[in-house]
Amino acid sequence: MSESVPQRIAHLRGEIERHNYQYHVLDTPLITDAEYDIMFRELQTLETLYPLLATPDSPTQRVGAAPLLSFAKVVHHTPMLSLNNAFNDEEVRAFDARTRETLGVNEVEYSVEPKFDGLAVTLIYQDGIFVQGATRGDGEVGEDVTQNLRTIRNLPLRLDIRQLAKPISFIEIRGEVLMFKHDFIALNREQVDKGDKLFANPRNAAAGSLRQLNSRITSSRHLSFLAYGAGAVEGFTLPDSHFEQLACLKKLAVPVPQEGRVVDGVDGLLIYYREIAELRHKLPYEIDGVVYKVNNISQQAQLGYVSRAPRFALAHKFPAEEALTTVLDIEVQVGRTGALTPVARLTPVFVGGVTVTNATLHNEEELRRKDIRIGDIVSVRRAGDVIPEVARVIFERRPVDVREFNMPRTCPICGAQVTKQPDEAIWRCSGGLFCPAQRKQALWHFASRRALDIEGLGEKLIDQLVEHQLVHTPADLYKLNLQALAQLDRMGEKSAQNLLGSIENSKQTTLARFIYALGIRNVGETTAKGLARHFATLDSFMAADETRLQLVPDIGPIVAQSISTFFAEPHNLEVIAKLRAAGVQWPEQAEKAVRLLPLNAKVFVLTGTLISMSRDEAKSRLEALGARVTGSVSQKTDYVVAGAEAGTKLDKAQQLNIAVLDEQQFLQLLSTNEMSSTAVYRKVMEIL
């Protein structure tokens, strides 16, 4: 490497932030995700090896940090004021008349932009580097959410000051944190998959995500930032118009709305309002109106403030988007993970720019809470401008012949039993291996790297296999041949042969991988390994009742019920039998061998970053020696391995007097035990 380490780190940071801007702000990526990941991992590695070179403005800081106990308070340098609202044309005309009268002019030039429906924040940059961010709070004092703001990909951690003679010594940038519509849809899909409560709209999702005490959760939520102005500035002079100030921020790599412009007079304001109202549903983010600001900064100062709101600005709000209709019926949709969602079939009604005929009822608990019945007159809204939902029942107009709806106890798609666990609101189909609604998800999970690891069988190919009715269950994968694959798009002979070879190789697996590949609810990779160790054979595992299942470490009544319900479905058993008949096999695990392992039944927790190996590698080596690796520290934990930047898990271990190993001690423990039991180690490594 011709560059020095500091030079290489600086180069990587610059390139990564450049590509972040291209991808997240301009939506014109210049490199593939894989190329980006290689650069990012190299930077992470260098910063781990040379911690003194790690800085707060590094793009690696976007992944989140250790959870906070609470948010600190921040006093704003300049108050974050709210805007007065207008709800009709007359109020806008009155605003313009007052503005012209105060300024003594016949016509005012305004800067206009969409009104984001997000969470207002202020960003502080010193010498071009982001150092602090806070929520609006009461306008005078907000909450310090700096760690969470660092995770937002389009928020610059360092301003692009290359065209400036010197860095801006200090600047406040005001804007909104919001969630784009496509990210909101993806987040709610994840919530459904996990059986968690859905977010009502993108604003609630953004606000809840930004105010997480654990910034790693914020990092996973795909928030965005858009600036709407600047506050205090030192060492730099901003232009004397609001619109040009936004253009200046854009040159500094700060994202600003693309829909803003300058208009003249009240007629220009109202024309813009109607244009944005028409465009509203095509925008990538949710808005609830438009904002008018006197464009000239000197005129803004002349107009001043009243009642904690500026006289020079006004928010023109859109009317609420709800409409009344009738619930014709309530049906159930089955999602790709087996979640059952009640859906209201409605008399068609125009709301939110589209004709709505269906509306989600989320789950049975929500349906009961709102007391929605077939035949009811209801108010429907487009939650988050995306998902139509029933907002409320108009009880005073309830017909006498309304009918209550009851969730089915068998899947409407495949007939399998549906179950609901005590801590969830979602009913789920138990026919995971054969239910048509879950077919693609079941196949994808079965073929995934940590399951049967069928290389080349990705989501797009699975889509084709299902749509051409070549595969109905995972067992059908082992019936595929060249002739069948040849009819698929972009599937040449070599690609087909490679896929068939990968499918053939997947027949030789392990019991733990096979159990995980079945996709049993609540049975993850670690649980599958524990089950394989305990029962040693598939037949013994399948025959176990709930009482016996709970004898396995970390298996409680909920997981035991999920397993029992899964094997109670004859069709699941049929698919498993076909898989075994197709040649899927594994060496039957010898329990005695496991019990001879030096770390058998010892419980480890990994925290922080290890320099010598990844966390996955550390986990695999421990498990190969018989240990169990868990995610939380408790009285049952035997050892905590603490790498760099270890967090609250280390604190808890010290409180409970649990043995803590640093990286050197951990490597010594691995080396000693692997050398002292080589024969057993090799035997179990073959099995696991």
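These legends walk through a few close-ups of a predicted model.

**View 1. A four-stranded antiparallel sheet.** Here β5, β4, β7 and β8 line up in that order as an open sheet, and the pairing is antiparallel. The edges belong to β5 and β8 (224-234), each of which pairs on one side only. On average, neighbouring strands in this sheet are turned by 25° against each other, direction ignored.

**View 2. The hairpin of β4 and β5.** Zoom in on β4 (residues 119-126) and β5 (residues 129-135), and you'll find an antiparallel pair held over 6 bridges. Glutamine 126 sits opposite isoleucine 129 in β5. There are 2 residues between the strands of this hairpin, and aspartate 127 takes a positive phi near 50°.

**View 3. β4 next to β7, with a helix on the sheet.** β4 also joins β7 (residues 170-178), again antiparallel, through 8 bridges. Look for leucine 123: its bridge partner in β7 is isoleucine 173. Helix α6 (residues 202-210) packs on this sheet and touches β4, β5 and β7, with its direction at about 45° to that of β4.

**View 4. A five-stranded mixed sheet.** The strand order in this open sheet is β2-β13-β10-β3-β9, and the pairing is mixed. β2 (85-86) and β9 (261-264) each have a single partner strand, so one side of each is left without a neighbour in the sheet. Inside the sheet, β10 (residues 287-294) and β13 (residues 313-317) pair in the antiparallel sense over 5 bridges.

**View 5. Helix α8 and the strands it lies across.** Follow α8 (residues 242-251) and you'll see it lying across β7 and β8, running at about 110° to β8. α8 also lies across β3, β9 and β10, this time at about 55° to β3.

**View 6. Helices α12 and α13 crossing.** The axes of α12 (residues 439-447) and α13 (residues 459-467) come within 10 Å and cross at roughly 135°. The crossing of α12 past α13 is right-handed. On the α12 side you'll find Arg439, Lys440, Leu443 and Trp444, which meet Glu459, Ile462, Asp463, Val466 and Glu467 in α13. Sorted by class, this contact has 4 nonpolar, no polar and 5 charged residues.

Conventions. Residues numbered from 1 in each chain as written. Predicted model: local features only at pLDDT ≥ 70, side-chain atom pairs only at ≥ 80, totals over all residues. Heavy atoms only, no water. Axes fitted to C-alpha atoms, helices over the stretch in contact; angles between N-to-C directions. Left-handed = near helix turned anticlockwise from the far one by under 90°. Contact = heavy atoms within 4.5 Å. Nonpolar A, V, L, I, M, F, W, Y, C, P; charged D, E, K, R; others polar. Pairing = 2+ DSSP bridges.
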